Amino acid sequence: MTEFRHIVTEEEAGRSVKELMRQHFTFSSRLMTKLKFQNLVFLNGEPMPGWVPTACGDEIVVKMPEETSDFEAEDIPIDVVFEDKDILVLNKQPWVAVHPTKGKPNHTIANGLMKKMQDDAAAGTGDPYKIRFVNRLDMNTSGLMIVAKSGFAQEEIIKQMRKNQVEKKYIAVVTGEIPEEEGTIDLPLGRPFPDEVERWVLPEEEGGQPSVTHFRVLERFNGHTLVELKLETGRTHQIRIHLSYIGYPIVGDHLYCHGDPFEYRRVHNMPEYVHEERVSPYIDRQALHARYLAFRHPVTKEMLSFETEIPQDIQQLIAVLKSI
């Protein structure tokens, strides 16, 4: 269990426990309330209400609430890149949704994490925690994701995201050779139809949200481009829509491959979203991978950075496209 500690200095003597907690720990009001009612604030080893005054040399210890998730445990592989008592960074495989939904109640990363958590607890190598996804990826997108093991850890990383202090880089293979070496796509995104999964470019006055994607060309080959994307905002389907809208859709992206997210439904006279449609003979999902992630650890404040290899299916795609 994560603990926060502070030794009261001579200058701080006489101030209350609560005052010093607010000064030294960035706890939300909601978390402060939980700590109060669960008696998780200690002064010199004893549970203590926040109004109690302190003396020089006193030790304040705050313990995080114990929580756990209740997802069904399933044997789904979890590729752990980094893990400690506060966070877990994983390299997500394609074809697996991140968390259960009404239409997909199981077989998700959350179910796999629940199994891993139970196995770790049984082996004495880890404690139960509530699974909190800090960032999410589309089902057919692979790459790096952060899981927070406490509400505090989640809030601290989200604060960094809001200040654009979390660096996320993706790689994608797109149809067409992008002529510019680098550039920025600044187009608002929204849902043209609220009950459907597809998003598209929408003016802000019609509900579109500001969305910014920076791109850098890594390589061009036979009418295709390997491109690096850096997100400034993180809207649903942002990279996929932005690239498609400017005329360079991601290879294998069935939803946005032709610059019209509703084409499949219209042409096939199908009202429902169909995710199994294969639009490339060389890869069976969108060639998009969250390759790099950098952020400050929510508790230790250490700067962390992670980078993964390009997945095998995207490597094979590149090799095939170069050969034709």
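Here is a short chat about a few labels on this predicted model.

Me: What should I know about the model and its numbering before we start?
Reply: It's a predicted model, where local features need pLDDT of at least 70, side-chain atom pairs count only at pLDDT 80 or more, and totals for chains, interfaces and linings use all residues. Residues are numbered from 1 along each chain as its sequence is written, and side-chain values use heavy atoms, with hydrogens and water left out.

Me: Why is Asn135 called buried?
Reply: Buried means under 20% relative accessible area, exposed over 50%, and partly exposed in between (1.4 Å probe, protein chains only). Asn135 has 7%, so it counts as buried. Across the protein, 47% of the 324 residues count as buried too.

Me: Where is Asn135 found?
Reply: Asn135 is in the loop between strand S7 (132-133) and strand S8 (142-148). Strands here are DSSP E runs of at least two residues, and helices are H or I runs of at least four, numbered from the N terminus.

Me: How do you know how far the side chain of Asn135 is from the backbone nitrogen of Ile146?
Reply: The distance is computed from the model: a polar atom of the Asn135 side chain lies 2.7 Å from that nitrogen. Another polar atom pair involves the backbone oxygen of Leu144, 3.3 Å from a polar atom of the Asn135 side chain.

Me: What makes Glu232 partly exposed rather than buried or exposed?
Reply: Its relative accessibility is 39%, so Glu232 lands in the partly exposed class. Glu232 is in the loop between strand S14 (224-231) and helix H5 (238-245).

Key. A polar contact is a pair of N or O atoms within 3.5 Å; within protein, one must be able to donate a hydrogen and the other to accept it, and residues adjacent in sequence count only if both atoms are side-chain atoms.
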